[in-house]
Amino acid sequence: MFGFKELLIKDIYKGTPPAAPTKVTLQITDLCNLRCEFCLQHSTLKKKYQGLGHVPFSWANDLIKELAEMGTKEICLIGKGEPSVHPDFPKIVETIKEHKILLDIYTNLSARSQSVISAYALADSLLINLSAVDEKSYKAIHGITTPKAFHQVLSNIASLKNGSISQHSPVLRISYIVTKNNFRYIEKAIELAESNGISSIQFKNMIAQSDTKKLLLDKKERIELVKMISKLLLREHKVGLNLKELRQELLSDQRTTNPFSHCFMGWFTLSIEQRGHLTLCCRNKLLYIGKWKKNSLRDIWTGTKAQRYRILARDCFDHKKLFGQQCDFCSYAAVNSYIEAVLKERLPRIKS
């Protein structure tokens, strides 16, 4: 996904500001058609979320054009809501693909509109928020009352896989958020994925807030899940799974385990929020580097503040002291660990 091997020596080793972010996460809306119980914004356990709404198409169009001119290789449509509820979602997708940029979409894939489903088919990959295994559990966990909502998701998956929409079929992955209400469905979730042509499942412990912490597994439930995972690991599966990592996390009794001491993602990734706020990380907002349109993307990306964070994270990274506990939830732990191992042979200053 990222050009790590080509960029490692030139950019990270020399400390040269990269010309462009390789991957950009772009938030186009914070509204959603579901109310998943584990959601940080829209959970049924929270008060109604007051969001900013949709970004104008002209805003997204200008941003995509500027990213393309810089040389960005991939855009991920993501956010605090469901990207496909944006009224111009198909146009935004088409704009990204017209600029020959790889497209990943984080979605619940529950759309019924044919134009939206056709837009899904243009993507290179989809990460589907699906933490249920049947109609009953889908209604309870994803907080939706629409009849046959779960069936609609499966129908959309089938349409994307069988080529009935387009000859191109995006890679389909599932994000399964583990809570006390669905952890016993993990085996069924794997079977469901295998029978529907899913590429992989990412099982993730939920990130809890004060009003959703009651969904976290207790000690007895964690032990039960560890035993369940251990049995599943003895079998062969047709889908990619992160069960070993999930088991390690459960056994460590921590939210996550980071097998790295330094962060390199500021050389590759950029997160853009609805207000035009730019951060070097999609999770940690302490890595804020500027606001788009107040300054150009290029000036912010290659600017002094962004470069200071890159060097700081590369040379003396301490996620709890410098950048807060949000780094505990890093999605790029494996990537950082890999880069760190390579650079330790070439860059003595980062040696632990």
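## Lys 180 and its partner

Lys 180 is partly exposed, with 24% relative accessible area. In this predicted model, the side chain of Lys 180 meets that of Glu 221 in a salt bridge, with 2.8 Å from N to O. Lys 180 sits in the loop between S5 and helix H7 (186-195), while Glu 221 belongs to helix H8 (residues 219-232). The two residues are 41 residues apart, and the pair links distant parts of the chain. Glu 221 counts as buried, because its relative accessibility is 12% and the cut-off for buried is under 20%.

## Other salt bridges

Side chains of opposite charge can pair when their charged atoms come close. The structure holds seven salt bridges. One of the seven is formed by the side chains of Asp 104 and Arg 173, at 3.0 Å from N to O. Asp 104 is in strand S3 (residues 102-107) and Arg 173 is in strand S5 (residues 171-178), so this pair ties together parts that lie 69 residues apart in sequence. Asp 104 is buried, with a relative accessible area of 0%. Arg 173 is buried too, with a value of 13%.

Glu 187 and Arg 235 also meet through their side chains in a salt bridge, at 2.7 Å from N to O. Here the link runs between helix H7, which holds Glu 187, and the loop between H8 and S7, which holds Arg 235. These residues are 48 residues apart, and they too connect distant parts of the chain. Glu 187 is partly exposed, with a relative accessible area of 29%. Arg 235 also counts as partly exposed, at 43% relative accessibility.

## The sheet

An open sheet is formed by 10 strands, in the order S7-S6-S5-S4-S3-S2-S1-S8-S9-S10, and the pairing is mixed. Strand S7 (240-241) and S10 stand at the edges. Each of these two has a single partner strand, so one side of each is left without a neighbour in the sheet.

S1 and strand S2 (residues 74-78) run parallel and are joined by five bridges. Within this pairing, Thr 25 stands opposite Cys 76 in S2. Strand S8 (residues 269-272) and strand S9 (residues 277-279) run antiparallel, with two bridges between them. Ile 272 has Leu 278 in S9 as its bridge partner.

S1 is mostly covered, as five of its five residues are buried. Lys 23, Thr 25 and Gln 27 point one way from the strand, whereas Val 24 and Leu 26 point the other way. The residues on both sides are buried.

Thr 22 lies in the loop between helix H1 (4-13) and strand S1 (23-27). Thr 22 is buried, with a relative accessible area of 9%.

## Two residues with positive phi

Leu 109 has a phi near 55°, a positive value in a residue other than glycine. Leu 109 is found in the loop between S3 and helix H4 (114-122). This leucine is buried, with a relative accessible area of 0%.

Lys 293 likewise has a positive phi and is not glycine; the value is near 80°. The loop between S10 and H10 holds Lys 293. At 53% relative accessibility, Lys 293 counts as exposed, because the cut-off for exposed is over 50%.

## A charged surface patch

On the surface, Lys 80, Arg 275, Lys 291 and Lys 294 gather in a patch of positive charge. One of the four, Lys 294, is placed in the loop between strand S10 (288-291) and helix H10 (297-301). Lys 294 counts as exposed, at 68% relative accessibility.

Definitions and conventions. Residues are numbered from 1 along each chain as its sequence is written. This is a predicted model: local features need pLDDT of at least 70, side-chain atom pairs count only at pLDDT 80 or more; totals for chains, interfaces and linings use all residues. Side-chain values use heavy atoms; hydrogens and water are left out. Patches are made of residues with over 30% relative accessible area and no salt bridge: like charges are joined within 9 Å, nonpolar side chains (Val, Leu, Ile, Met, Phe, Trp, Tyr) within 5 Å. Accessible areas come from the Shrake-Rupley method with a 1.4 Å probe; for residues, only the protein chains shown count as cover. A salt bridge is a side-chain nitrogen of Lys or Arg within 4 Å of a carboxyl oxygen of Asp or Glu. Lys and Arg count as positive and Asp and Glu as negative; His and the chain ends are not counted. The place of a charge is taken as NZ of Lys, CZ of Arg, CG of Asp or CD of Glu. Buried means under 20% relative accessible area, exposed over 50%, partly exposed in between (1.4 Å probe, protein chains only). Two strands pair if DSSP finds at least two bridges between them.
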